[in-house]
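Hello,

Here is the structure I promised to pass on to you. My notes on what turned up are below it.

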Amino acid sequence: MNLSQINTNLFKQLRFILVETSRAGNIGAVARAMKTMGYSDLVLVTPRFENALQDPEAVAFASGAQDILASARVVGSIAEALEGINFAAAVSARLREFSPPVLSPRQLAGQLVAQPELHAALIFGNERFGLPNELVEKCNVLINIPANPEYSSLNLSQAAQVLAYECRMALLDGAGVTHTPRLPVGEASEVGFHGEAASIEQIEGMYAHLEQALVTIGFLDASNPRKLMPRLKRLFSRAQLETEEVNILRGIARHMTGRHGKDKQ
């Protein structure tokens with residue numbers, strides 16, 4: 001199967017986001033990894049040094065992928081980097097207690113090919129500290145590369161290369177999904193109709209609205225929230241919420257808040 005026979009939108013839609021990168025060479029090496037696999041959308045979130053995209057080390061490590069650097073963007077927040085994204089995948093070697101569903105790169109690649117409506121972003125953390133827990137909790141999935149458990153240390157560009165390669169191969173093979181949290185292929189629970197996937201911004205707004213409602217009705221103590229909201233985020237992340245579903249949940253939250261106000265009168 002050649003490229004003209006399959007949906008290649010993933011090459012244009014998949015975004016690589018680097019958060020607080022410390023070394024210019026790693027930015028250039030990621031650009032090179034992306035270009036070798038056909039990807040071009042690169043966004044940097046608050047790199048640790050100025051002029052990151054023009055740094056001589058970044059240009060040298062890009063090694064022919066300077067056009068990726070030239071078209072890349074530098075933004076001041078993860079919210080800006082995720083604009084237009086409805087599926088965020090955090091990449092980390094470290095598992096979290098309240099992480100979203102964990103997928104391998106191959107599972108993720110199959111899912112992105114099978115669901116072309118997803119505008120996905122791969123999020124990579126700082127070389128030393130990785131991604132903060134609060135950012136991982138906002139993502140739809142956590143990508144964990146099944147490396148040697150006795151030495152699982154991949155540098156930033158190596159991790160980006162693995163993800164880019166798996167996504168490219170899934171496209172070239174015309175691979176479907178063998179396992180995803182949303183589409184258990186071949187099982188009776190498979191859903192026939194899929195609406196528009198909710199954006200990260202829509203989901204974050206829903207979480208804020210739901211938290212406000214839970215505080216209003218006294219279910220959540222704002223001064224001592226404990227782990228309720230992280231658990232709810234993990235629960236909803238498994239569902240891959242659609243826009244209509246987010247609107248329903250916000251409607252429920254609105255009704256809860258309104259009913260509580262009437263009951264107090």
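The lining of the largest pocket divides by class into 13 nonpolar, nine polar and four charged residues (Ala, Val, Leu, Ile, Met, Phe, Trp, Tyr, Cys and Pro count as nonpolar, Asp, Glu, Lys and Arg as charged, and the others, Gly among them, as polar). This pocket holds about 570 Å³ of space. Of its 26 lining residues, Val91, Ser92, Ala93, Gly130 and Leu154 are closest to the centre. A pocket here is an open set of points on a 1 Å grid over the protein atoms alone, with protein on both sides within 12 Å along at least five of seven lines; a cavity is a set where a 1.4 Å probe fits but cannot get out, and lining residues have an atom within 4 Å of a point. Grid points are joined across faces, edges and corners, and a volume is the space filled by probe spheres set on the points.

Please keep in mind that this is a predicted model, with local features needing pLDDT of at least 70, side-chain atom pairs counting only at pLDDT 80 or more, and totals for chains, interfaces and linings using all residues. Residues are numbered from 1 along each chain as its sequence is written, and side-chain values use heavy atoms, with hydrogens and water left out.

The second largest pocket has about 210 Å³ of space. Among the residues lining it are Ile78, Glu80, Glu83, Lys138, Glu201 and Glu204, and by class the lining has five nonpolar, two polar and five charged residues.

The whole structure has two cavities of 30 Å³ or more. The largest has a volume of about 80 Å³, and its lining includes Lys138, Cys139, Asn140, Ile203, Tyr207 and Phe236. Helix 9 gives the largest share of that lining, three residues. The second largest cavity, of about 50 Å³, is lined by 10 residues, with Asn86, Asn140, Ala197, Gln240 and Leu241 nearest its centre.

As for the overall picture, the protein has 11 helices and seven strands, and 45% of its 265 residues count as buried (under 20% relative accessible area, with exposed over 50% and partly exposed in between; 1.4 Å probe, protein chains only). The largest nonpolar core has 45 residues, and Leu14, Phe16, Tyr39, Leu42, Leu108, Leu112 and Phe124 have the most contacts inside it. Helix 8 gives the most to this core, with eight residues. A second, separate core of 19 residues includes Val19, Val75, Ala121 and Leu131. Such a core is a set of buried Ala, Val, Leu, Ile, Met, Phe, Trp, Tyr and Cys residues joined through side-chain atoms within 4.5 Å.

What does phenylalanine 16 contact, leaving aside its neighbours within four places in sequence? Its partners include Met34, Tyr39, Leu42, Leu122, Phe124 and Ala164, where contact means heavy atoms within 4.5 Å.

Beyond residues up to four places away in sequence, serine 157 touches Ala29, Val30 and Ala33. In helix 6 (residues 105-114), the buried residues are Pro105, Leu108, Ala109, Gly110, Gln111 and Leu112; their cover includes helix 1 (9-13), strand 4 (87-91) and helix 8 (156-173).

Best wishes

Methods: Helices (H or I, at least four residues) and strands (E, at least two) are DSSP runs, numbered from the N terminus.
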